[in-house]
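I would ask you to keep the structure in view while I go through its ring contacts and one of its sheets.

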Amino acid sequence: MNSILKQRHIRLGELLIAEKLITEDELQAALKEQERSGGGLAEVFLRTKFQQQPQLLYRVLARQLGVDFIDCASLEIPPEVLSALPAQAALYFKVLPIEFKNDELVIATADPTNVSNFDGLTSILGKRIRFVLAIESDIFEGIRSYYGLGAETIARMLENREPSATAEIQTVENIADVQSEASIARFVNQVLLEACRNRATDIHFEPYENDLRIRYRIDGVLHDAPVPAEIRHFKDAINSRIKIMSRLNIAEKRLPQDGRFNVLAGKQPLDLRISFLPTPWGESLVLRVLEQNRLRDLAELGFVPQDLVVLEKLIKYPHGLIFVTGPTGSGKTTTLYSCLSRLNLPEHKIITIEDPVEVQLKGISQIQVNPAIGLTFGHGLRSILRHDPDIMMVGEVRDRETAEIAVQVALTGHLVFSSIHTNDASSGAARLLDIGCEPYLIASSVICFIAQRLVRVLCPSCKKRARVSDEMAAAFGLKYEDVRSIESYAAVGCELCQMTGYRGRQAIYEFLVINNEIRQLIQDRASAQDIRVQAVKNGMVPLRQSGWQKICQGLTTPEEVIRVTRDDST
């Protein structure tokens, strides 16, 4: 909108005042800011007054310029309109085709006074065009949404059909330095950058007979990435590119393969774990995106104050076993790393054995299991004991051998952290019994089971107040009179949160601290339900009730807590 910003600023100010969108004092302050920072008056207002509602300013700009304003974000653009303007041209001129009207192609632009753009597009299209004003960010989002991620790259590759694309070897150092030429390397970099910008934790490449689907997992939920249909022609080339970056065998397509590689997304270092699986239509690929500096302090994880006090006390015990339980992707590893980071002091020797090592922790010795050469959790644990540790972490207890060794290590004067897959804290003891641990050993060694889930956090920019419905209240074991004074919020959706209504995640927890009553129940081989009932009597807050506390704080919604937790009454 450079040309727009050069219009007569006083007239723009007068129009804004006439519309009662600004005051005279705000205009004078903006003019002073313009003198200080340069640029145009509209640019100043976009940074300050109209940052959250730019459409108000753009409507006045449209009146000033004598053109129509259009809200691109609310449109459904027909395919025949999009096909009238190639993706390369849309990106080059920063425009979006909107509709055919009166033998004209209506094109949205943030700079309708740019004569060179008008002449260039008229020459390319060979038809009459008419510019309308639109918000620049909406135009770029429309290009990405309608044409697909990397559309111009795919179009240029289809034109060139580079036979060397599948064999291209190039080390990606910084994926923000996207190459100018159309190539598989460029497209892969674009996909990785988009994942980083959207805070995705996983990228899925899923081949089908006549399609290649790309999806991002954002805040625990999968979302389709808009990509051109023609990407299906390059699915083997994409796989080869990722295999080369991961130093995997590009010729092997019949067996699963796992690997990893590191890249920089601007200044953000990323560690990507790669998994290939063979399918009838080609190899399915999943990339797990790990931020190398994602380590968080315990206070940032979402513990309520009383639980944080309990945990701080537990991790200072001289010996014992602390288990974090939950399904895959519930944040167990992040919690374990945060505990180790808090204990990472010069007087402590800390050793971990993991599969895989997800985050490098300075000052801590970390071991990667390798069953192919006999380095299992059990074998590694025995060796670690000869290394004089104070604190240990076992990435996961999966079998009887690992469980028994971890218990013995805890009983011989070491503090041990580990994870186990169960639905709740009270099922942790039952799981250890199921895999063959003796009840008296569990009761003597385990000091706490911590169950956790991740709930999506409401987007602060678009959340709105909403009453908790009777149905939602009943799901938490509450009645209307219990919730009518609660100030809760609902998810809405905006550009900042990709229209999901949520942005980021936080953990909810339940703490089952082993005391004499629980210890006796374990020795008696009591059921998980009996242990749970006693734990609640002792003051344990179940997962769903922990989620209710987040709802009361305005951090999430009842629907989100119900999605990730089970009914406490079952």
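Predicted model: local features only at pLDDT ≥ 70, side-chain atom pairs only at ≥ 80, totals over all residues.

**Rings, charges and a sheet**

Lys463 sits over the face of Tyr489, 4.4 Å away from the centre of the ring. A second example is Arg544, which lies over the face of Phe476 at 5.9 Å from the ring centre.

Let me turn to contacts between rings. A pair of aromatic rings is described by two quantities, the distance of the centres and the angle of the planes. How many aromatic pairs does the structure hold? There are six. One of them is formed by Phe303 and Tyr509, and this pair is stacked, with 3.9 Å from centre to centre and 20 degrees between the planes. Its members come from distant parts of the chain, 206 residues apart: Phe303 belongs to the loop between strand 9 (282-291) and helix 12 (305-314), while Tyr509 belongs to strand 18 (residues 502-513). Are these two residues buried or exposed? Both Phe303 and Tyr509 are buried. Ring pairs also bring in Phe511, giving a cluster of Phe303, Tyr509 and Phe511.

Phe476 and Trp548 form a tilted pair, with 5.1 Å between the centres and 45 degrees between the planes. Why does this pair tie together separate parts of the sequence? Phe476 is in the loop between helix 18 (470-475) and helix 19 (480-483), whereas Trp548 is in helix 22 (residues 543-552), so the pair connects parts 72 residues apart in sequence. Phe476 and Trp548 are both buried.

Strand 18, the strand of Tyr509, belongs to an open sheet of seven strands with mixed pairing, in the order 12-11-13-14-10-15-18. Strand 12 (365-368) and strand 18 are the edge strands; each has a single partner strand, so one side of each has no neighbour in the sheet. From one strand to the next, the twist averages 20 degrees.

Within this sheet, strand 10 (residues 320-325) and strand 15 (residues 446-458) run parallel and are joined by five bridges. Leu321 stands opposite Val446 of strand 15.

Finally, which helices meet these strands? Helix 12 lies across strand 10, strand 15 and strand 18, at about 60 degrees to strand 18. Helix 16 (residues 427-434) packs on the sheet and touches strand 10, strand 14 (415-420) and strand 15, with its direction at about 125 degrees to that of strand 15. Thank you for your attention.

How values were computed: Residues numbered from 1 in each chain as written. Heavy atoms only, no water. Phe/Tyr/Trp six-rings, centres within 6.5 Å; stacked < 30°, edge-to-face > 60°. Helix = DSSP H or I, 4+ residues; strand = E, 2+ residues; numbered from the N terminus. Buried < 20%, exposed > 50% of the residue type's maximum accessible area, 1.4 Å probe, protein only. Lys NZ or Arg CZ within 6 Å of the ring centre and 35° of its normal. Pairing = 2+ DSSP bridges. Axes fitted to C-alpha atoms, helices over the stretch in contact; angles between N-to-C directions. Contact = heavy atoms within 4.5 Å.
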